[in-house]
Amino acid sequence: MTAMVAAILALAVGTYAFRLVGPLLHGRVQLPDHVQRLLSAGAVVLLVALLATGALTEAGGFAGWARPAGALTGGVLAWRRAPFVVVVLGAAITTALLRAAGVS
């Protein structure tokens, strides 16, 4: 067994264990309200960081203006509670139209 296969198996077991712990401990562990608020804020911060790096960078550099504009369009549509399909299509169409217009 190679080291890569062992690492993949270890990550798979760890992922399954994390998924299993939630239902097993539900109702047995009570977190204080301030910890729950902190965890919710942390999740939002991680998602925003992931969005920013995905929308703004490509191959270690700036991705251009079309991709962030598409992400912004999708974010506004999601904020306005548009259906998921509309959010995805709006972001994709915005990016495609800007790229077709020569904005990279």
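Predicted model: local features only at pLDDT ≥ 70, side-chain atom pairs only at ≥ 80, totals over all residues.
Residues are numbered from 1 along each chain as its sequence is written, and side-chain values use heavy atoms, without hydrogens and water.

**Exercise 1.** Compare the span of helix H1 with its expected span.

Solution. Helices are DSSP runs of H or I with at least four residues, numbered from the N terminus. H1 covers residues 3-25, which is 23 residues. Just after H1, glycine 27 has a positive phi of about 90 degrees.

**Exercise 2.** Classify the ring pair of phenylalanine 62 and tryptophan 65.

Solution. Rings of Phe, Tyr and Trp (its six-membered ring) pair if their centres lie within 6.5 Å; planes under 30 degrees apart are stacked, over 60 edge-to-face, the rest tilted. The count comes to one aromatic pair. Its centres are 5.1 Å apart and its planes at 70 degrees, so phenylalanine 62 and tryptophan 65 are edge-to-face.

**Exercise 3.** Decide whether phenylalanine 62, tryptophan 65 and valine 21 are buried, partly exposed or exposed.

Solution. Buried means under 20% relative accessible area, exposed over 50%, and partly exposed in between (1.4 Å probe, protein chains only). Phenylalanine 62, at 49%, is therefore partly exposed. Tryptophan 65, at 60%, counts as exposed. Valine 21, which lies in H1, is partly exposed at 42%.

Key
Helix = DSSP H or I, 4+ residues; strand = E, 2+ residues; numbered from the N terminus. Expected span 1.5 Å × (residues − 1).
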